[in-house]
Amino acid sequence: MKIPLTLNDKKVVLSAEPTDTLLYILRREQLYSVKCGCEKGICGNCMVLLDGEPVPSCKIPMGIIRDCSIVTLEHFKTAPLYQDIMTGFNQAGIHMCGYCNSGKIFTAYSILTKYYKPTLKQIQNAIKNLDSCCTDFSSLNNGILYAVAAKHEREGKKVNAKK
């Protein structure tokens, strides 16, 4: 079947079976930031943004994404929020392996877009199931907090300001 959608800000029509996973199709399209991990939707290695929300692409059947917008890490790297996240991760001393990047980055994106000043509990709840192959959770917590500060600085907001 033919499935029209927006992939990394480009209108495309992809051929796929309704039960093919988004992970499989994105890899076929040579978008290699999307990694195959647990295939249960838990680890985050295959995470993408589906209509602006982070989702595990291994659990998304192609038959339900007609006319949706998909963003992979390849494209997200051009966004200002990506730079904020990487600034925060660098400040926390996080050196990612490349395998689990999309899960960590898109989870940080989700936190930065949902909360003005996320609590440690909110961050811990969001990252608890991510694959931690290259980063300990304490450093990831700190990296996200630093990313929040970088976002506020880029936007010209005071870190202690109320929303």
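Biologist: How many strands form the sheet, and in what order?

Modeller: Five strands form an open sheet, ordered 2-1-5-3-4, with mixed pairing. Strands are DSSP runs of E, at least two residues long, and helices are runs of H or I of at least four, both numbered from the N terminus. Two strands pair if DSSP finds at least two bridges between them. This is a predicted model, where local features need pLDDT of at least 70 and side-chain atom pairs 80 or more, while totals for chains, interfaces and linings use all residues. Residues are numbered from 1 along each chain as its sequence is written, and side-chain values use heavy atoms, without hydrogens and water.

Biologist: Which strands stand at the edges?

Modeller: Strand 2 (10–15) and strand 4 (53–56) do; each has a single partner strand, so one side of each lacks a neighbour in the sheet. Strand 1 (residues 2–7) runs antiparallel to strand 2, joined by six bridges. There, Ile3 has Leu14 as its bridge partner.

Biologist: And what is a nonpolar core?

Modeller: It is a set of buried Ala, Val, Leu, Ile, Met, Phe, Trp, Tyr and Cys residues joined through side-chain atoms within 4.5 Å. Buried means under 20% relative accessible area, with a 1.4 Å probe and protein chains only. The largest one here has 26 residues; Phe89 and Leu140 are among those with the most contacts inside it. Helix 4 gives the most to this core, six residues. Apart from it lies another core, of 21 residues, including Ile3 and Leu50.

Biologist: What is Leu140 in contact with?

Modeller: Contact means heavy atoms within 4.5 Å. Leaving aside neighbours within four places in sequence, Leu140 touches Phe89, Ile94, Lys104, Ile127, Leu130 and Thr135.

Notes
Buried means under 20% relative accessible area, exposed over 50%, partly exposed in between (1.4 Å probe, protein chains only).
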